[in-house]
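Let's walk through this structure together, one question at a time. Have the chains open beside you as we go.

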Amino acid sequence: MANAADQERFPGHPLLPYVLVLPSVAVIGVFLVVPFLQSVQDSFYASTAFGTNTIYVGLRNYERVLASSDYRDSALATLLLSSFVIVVGLALSLAIAQLLNQKIRGQGFYQVAFIWTYALAPSVAGAIWALMFAPATGFVPFVVAELFDDYVLNWMTNGDLALLVVSVAAAWKMLGYNIVFFLAGLQNIPEEFVQAAKVDGAGPWRTFRDITFPMLSPTTTFLLFVNTIYAFFQIFGLIDIMTRGGPGNATNILIYKLYRDAFLYLDAGAASAQSIIIFVVIAVAGTIQLRFATRKAIYAR
Amino acid sequence: MKDIKWLLVGLAWALSVCLVPQAALAGKVQITWWHAMSGSNGKVVDAIVKDFNAAHPDFELKALYSGSYEETLTRYVTAYRSKTAPSLVQSYEVGTQTMLSSGAIVPVYQIPGMVGEKWDWAQYVIPITNYYQSGGNLWSMPFNSSTAMLYYNKDLFAKAGLDPNRPPATWEELEAQGKKLLASGAVKHALSFGWPDWQFEQMFATHNQLFANNDNGRSRLATKVLINSAFGVKVLDMWVRLAKQGIFIYGGPEYSANSAFQGGQIAMLMQSTSSLAGITKGSKFKVGTAFLPRLEGYPSGNSVIGGASLWVTKGQSKEQLRAVWAFLKYLAQPKVAVAWHKGTGYFPAVNAAVADLLNEGWFSKDPNSLTAFLQILSGRRDTAAAAGVRLGPFVQIREFERTAIEKAVAGQLSPKAALDEAARKADQLLADFARLNP
């Protein structure tokens, strides 16, 4: 079994490497693989909350989920929200990081001021935004009413507004994290490159487009991935505190819908089917992102 | 080094010995109760449990806060499936059909017989027990019961030139008073709701209208909701009309609208009685309360009981069942029920406690806590429509109701179209539920 080459790479007992990786594999198996397989199985059954009756329904859970207009609305909301978080959030973070990278007075203060949002618990961030926009008592509706002739800004009834507010809050919450990484990326770009570009007569925009942005691509790729995961899954806390998926399901993103079906409505079959669908979507999106972005990313310098 | 290791082992052993519950050593019967009462209500629960244990040296009741109602139910389901369920669990009113169909519980009406006792079920307040009855028998023990009522701001009423002691009795009056409140500039909006979906259900029950077929799902499982009936559409039409006039402002689910009322931005709030203590304490104005407003020309029903009840897990030993029963009996003692009402604002569930409260003059000291009580006692007790609806997938259907209200108020759909959509989705879920629970 163990040939000479292996013996050379892994001195000691031939089974030692397997023993060493066993704990990690066991943890992954117990906490990821087994529950995943369980979900796959559950997705083919309909059952009562207490499991007293279970019926095999084949692909009906999937058909139901995919055919329901609620699910399509939920997918659309997720797409809009994640696009906002990724595109607007990342662009803004990069712009701010670029500004924070200037040698100015109070640089440390500004950096902390922008980064601290990441240290907030989602519940706290959600509460802040919810209070700011509270229809009858909030600061923002008050200002809007004063400025625009008593216009009623009510995100409890206006779904588009609610989605926008949640998107902004979500992007804002992630700002600090993105800025830290962009800042680190920016500070890793050798000064000579920028100097050389300046000498060659490149303006700030040209320098950014041809030097800074390509040099940042490993960071950007990483953040793209992290933000996608964030927008799909971790926004849960914000939604739960701010809108609970409402109004009219306008902010009922996929992960929140799944949670409600599983833990509020005790419908394990539908929830399992949804989790498998999200898994496939994320796996495909992640693979494409990594493939595409790593090919474009410049790691060597 | 080795000595330290052994010292640690010894310490761990000593600790684990100390942690073995004293009760087990004393040979007490142990039972566990999972509940969803947090904050000040949780403290009242703890006090009751402590007194119960002191009064019953043979039993050891452990009460565990297990999260919100939803979380408690989810945990109970998981625990039941892994055979580690507690003896007693608190479940919210919308979970009633889920618990009835669960096969996991013993109906409370059977327990006295099982432990060789007799019990007078007539001592409980009827509109409350009506909610939790099935086939004429009580399946769960009423614990924390509430209902909805109208709260209003007396100071704002006075400011708008209205009589602060004359809250609206009908929706027509409410509309007229709302217009005056707006015209006077006292407020920008007059009315909002807590639990808008529940308020929609309340409208059906207070006007004696069925919300679902098969006697509101009380004689057999409901297979069809009647929310898009002429009555349902009329109610939502009216709410949308009030919203367009600015009289009604939609305030979001559950308790989101409370802050607007407490801040004086709106003059009226339809909300659960369980908010009474919080609203009275947190408001700087005189709080008035009234019955839910009525629509003229419709029969009267009753306001629906909300809150939660206690369910007993089946398959327990006789000793455990005896302990559970001792606790349920303890809760029915007037002094316990009175303390529960005073501490939380929930209804006392037994008639004797109500009598004690009346004799003591409690309600004249705090007339607002009498309002909702009079409302349920003066309402009908003999129809399924007035007792409130019972649905299997109730939590989901309530979401559909709320979505319909939100879409209609936002002008996205007409009230009829919004309710049709909700009814279609609800009927599909009811069919699924019926298939799984034949």
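Q: At what angle do helix α4 and helix α8 of chain A pack?
A: A quick reminder first: this is a predicted model. Helix α4 of chain A covers residues 69-100 and helix α8 of chain A covers residues 159-188. Their axes lie 7 Å apart, and the packing angle is about 40°.

Q: Are α4(A) and α8(A) roughly parallel, oblique or roughly perpendicular to each other?
A: Angles under 35 degrees count as roughly parallel and those from 65 to 115 as roughly perpendicular. The angle here is about 40°. α4(A) and α8(A) are therefore oblique.

Q: How many nonpolar residues does the contact of α4(A) with α8(A) have?
A: α4(A) passes α8(A) in a right-handed crossing. By class, their contact has no charged residues and five polar ones. The nonpolar residues number 22.

Q: How do α16(B) and α17(B) lie to each other, roughly parallel or roughly perpendicular?
A: In chain B, helix α16 (residues 334-344) packs against helix α17 (residues 351-360) with axes 8 Å apart and an angle of about 65°. The range for roughly perpendicular is 65 to 115 degrees. α16(B) and α17(B) are therefore roughly perpendicular.

Q: Which residues of α17(B) make the contact with α16(B)?
A: The crossing of these two helices is right-handed. From α16(B), the contact takes Pro334(B), Ala337(B), Val338(B) and His341(B). By class, the contact has six nonpolar, one polar and one charged residues. On the α17(B) side, the residues are Ala352(B), Ala353(B), Asp356(B) and Leu357(B).

Q: Are α3(B) and α16(B) roughly parallel or roughly antiparallel to each other?
A: α16(B) also meets α3(B): their axes come within 9 Å and cross at roughly 160°. An angle over 145 degrees counts as roughly antiparallel. α3(B) and α16(B) are therefore roughly antiparallel.

Q: Which residues in α16(B) meet α3(B)?
A: This crossing is right-handed. α3(B) brings Asn41(B), Val44(B) and Ile48(B). By class, the contact has four nonpolar, three polar and no charged residues. The partners in α16(B) are Val336(B), Trp340(B), Gly343(B) and Thr344(B).

Q: In which sense do strands β1 and β2 of chain B pair, parallel or antiparallel?
A: Strand β1 of chain B spans residues 29-35, and strand β2 of chain B spans residues 59-65. Ile31(B) stands opposite Leu61(B) in β2(B). Seven bridges join the two strands, and their sense is parallel.

Q: Which residue stands opposite Leu191(B) in β10(B)?
A: β9(B) runs parallel to strand β10 of chain B (residues 268-272), joined by three bridges. Opposite Leu191(B) stands Met268(B).

Q: Which helix gives the most to the side of chain B that touches chain A?
A: The contact takes 35 residues from chain B and 26 residues from chain A. The chain B side divides into 13 nonpolar, 16 polar and six charged residues. Among the elements that supply at least two residues each are α4, α13 and α22 of chain B. The top contributor, with seven residues, is α21(B).

Terms used:
Residues are numbered from 1 along each chain as its sequence is written. Chains are lettered from A and ligands numbered from 1 in the order in which they are written. This is a predicted model: local features need pLDDT of at least 70, side-chain atom pairs count only at pLDDT 80 or more; totals for chains, interfaces and linings use all residues. Two strands pair if DSSP finds at least two bridges between them. Helices (H or I, at least four residues) and strands (E, at least two) are DSSP runs, numbered from the N terminus. Two residues are in contact if their C-beta atoms, placed from the backbone, lie within 7 Å. Ala, Val, Leu, Ile, Met, Phe, Trp, Tyr, Cys and Pro count as nonpolar, Asp, Glu, Lys and Arg as charged, and the others, Gly among them, as polar. Axes are lines fitted to C-alpha atoms, for helices over the stretch in contact, and angles run from 0 to 180 degrees between N-to-C directions. A crossing is left-handed if the near helix is turned anticlockwise from the far one by less than a right angle, and right-handed if clockwise.
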